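Please keep the sequence and the structure in view while reading.

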Amino acid sequence: MPTTRTDYDPLDVSTLAFWAQSADDREKVFAELRRSRPVSWQAPVQSMLMPDPDDPGFWAITRHADIRRISRDHEVFSSSAEEYGGVMLDLMPPDVLEATSSILMMDNPRHGLIRRLISSAFTPRRIALIEDQIARQAKAIVDDLLAGPGEVDFVRAVASRLPMWTVSEMVGIDPEIREEVTKAANELVGWNDDEQIDVDGDNLMVMLNAMGVLHNAAFDLCERRRAQPEDDLISALLAAEVDGKQLTDEDIAAFFCLISVAGNDTTRQTTSFAMKALCDFPDQREILVADFDNVIGTAVDEFVRWTSPVMTFRRNARVDTEVGGQQILAGDKVVLLYPSGNRDESVFADPYRFDVTRTDNDHVGFGGGGVHYCLGAHVAKVQLRSIFRELLFRVPDLQVGEPEYLVSNFIHGIKRMPATFTPA
């Protein structure tokens, strides 16, 4: 049974007020927890989605080593939506989680089978096609940027375009519904932000409607590609087979939801935060521009560490165990705080310094390793290399202003950010 302790930590990371603070203010709390209470018992999460009156609370995991250990120990720590409610900090219906999160909220053996089936569709030839698509897309986005006015919202004009364009071309989404699909993907992760609340304040209904949009798009594609396969990812997923097993349309729809959210938000937010950092630290921008091909590899990892685009996932203890000297009971929730892990002083030299040449960069921005390590990490890195190659050399005077941040305990997000530059 889960613990019934009620002596919650005074440094409270469970409230919406905490997650509405700036990242710097949140980090002050994380730093103190890392120093004195790296595994702290927290009050039940405050959610605008589906509050759970029976939730006893959760363990907040702040140190890099503990995040790594829990991420890799899938025998002790479960991700299952069906058994434990999945990996989100907020409570959500298990059927919604399974329909939108695919392998993210599965344990082995089903996780291993579905992941192998999906991975089999990503052949070397398909990866090369995706990389060529991304390079063309990045160039076209900056072409459009330079053809417009010299003042834009950077998120809308640049950062949000590449990720969803890549996903859409990968799977074969028709151009006329891409805006609708992008909007639905945004609604699936913005449940704690006022802008995502509908007129009745029913955020769960917003999420269900968004899920319906994405599933309908996926089912329609499955039907069309089954009748007439094309050279896209949906066709490849329909044909994928491992040990005589194939993906169902429901499996493909859930994976489409996952890549629409993960492929959209993580790269979009990293692009926005990295552009802000390069403007705030012009010396690092100069270093990157001066030797782009040799520096961009370490720079991309620093972009991800600096941003920590996904801030939280949880795991669920299957058995009694111990983390960081703290007894964890079977059924307890443990929440991995990735921004804290990415500022851990015991791992990163001068962790509050943005350094595009940082080589010893064992960040947890793509997860802490193990069976759930981000399947799209390679694609995300290609996107970041491509878009910053175009921006830094073709729009050299681009500067961004103060962002408007998303209120979320899940995605570290920028909703809008003004940008100025000299148009073509």
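## A buried isoleucine

At 0% relative accessibility, Ile141 counts as buried, a term that means under 20% relative accessible area, with exposed meaning over 50% and partly exposed in between (1.4 Å probe, protein chains only). Ile141 has its place in helix α7, residues 124–147, where helices are DSSP runs of H or I with at least four residues, strands are runs of E with at least two, and both are numbered from the N terminus.

Leaving aside residues up to four places away in sequence, Ile141 touches Ala157, Val158, Arg161, Leu162, Trp165 and Ile387, a contact being heavy atoms within 4.5 Å. Ile141 and Ile387 are 246 residues apart in sequence, while their C-alpha atoms are 8.5 Å apart in space.

## Basis of the model

This is a predicted model, in which local features need pLDDT of at least 70 and side-chain atom pairs count only at pLDDT 80 or more, whereas totals for chains, interfaces and linings use all residues. Residues are numbered from 1 along each chain as its sequence is written, and side-chain values use heavy atoms, with hydrogens and water left out.

## Helix α13 and its partner

Helix α5 (residues 94–101) packs with helix α13 (residues 249–280) at an angle of about 80°, their axes lying 5 Å apart; the axes are lines fitted to C-alpha atoms, for helices over the stretch in contact, and angles run from 0 to 180 degrees between N-to-C directions. The two helices α5 and α13 are therefore roughly perpendicular to each other, since that term covers 65 to 115 degrees, with under 35 roughly parallel, over 145 roughly antiparallel and the rest oblique. From α5, Glu98, Ala99, Thr100 and Ser101 meet Ala253, Ala254, Cys257 and Leu258 of α13.

Thr270 is also in helix α13, and with a relative accessible area of 2% Thr270 is buried. Not counting residues up to four places away in sequence, Thr270 touches Phe303, Val304, Thr307, Pro309 and Leu384.

## Lining of a pocket

The lining of the second largest pocket takes at least two residues from each of α8 (154–159), α9 (161–171), α10 (178–187), α13 and β11 (414–416). Helix α10 gives the most to this lining, with six residues.

By class, the lining of the second largest pocket has six nonpolar, seven polar and 13 charged residues, where Ala, Val, Leu, Ile, Met, Phe, Trp, Tyr, Cys and Pro count as nonpolar, Asp, Glu, Lys and Arg as charged, and the others, Gly among them, as polar.
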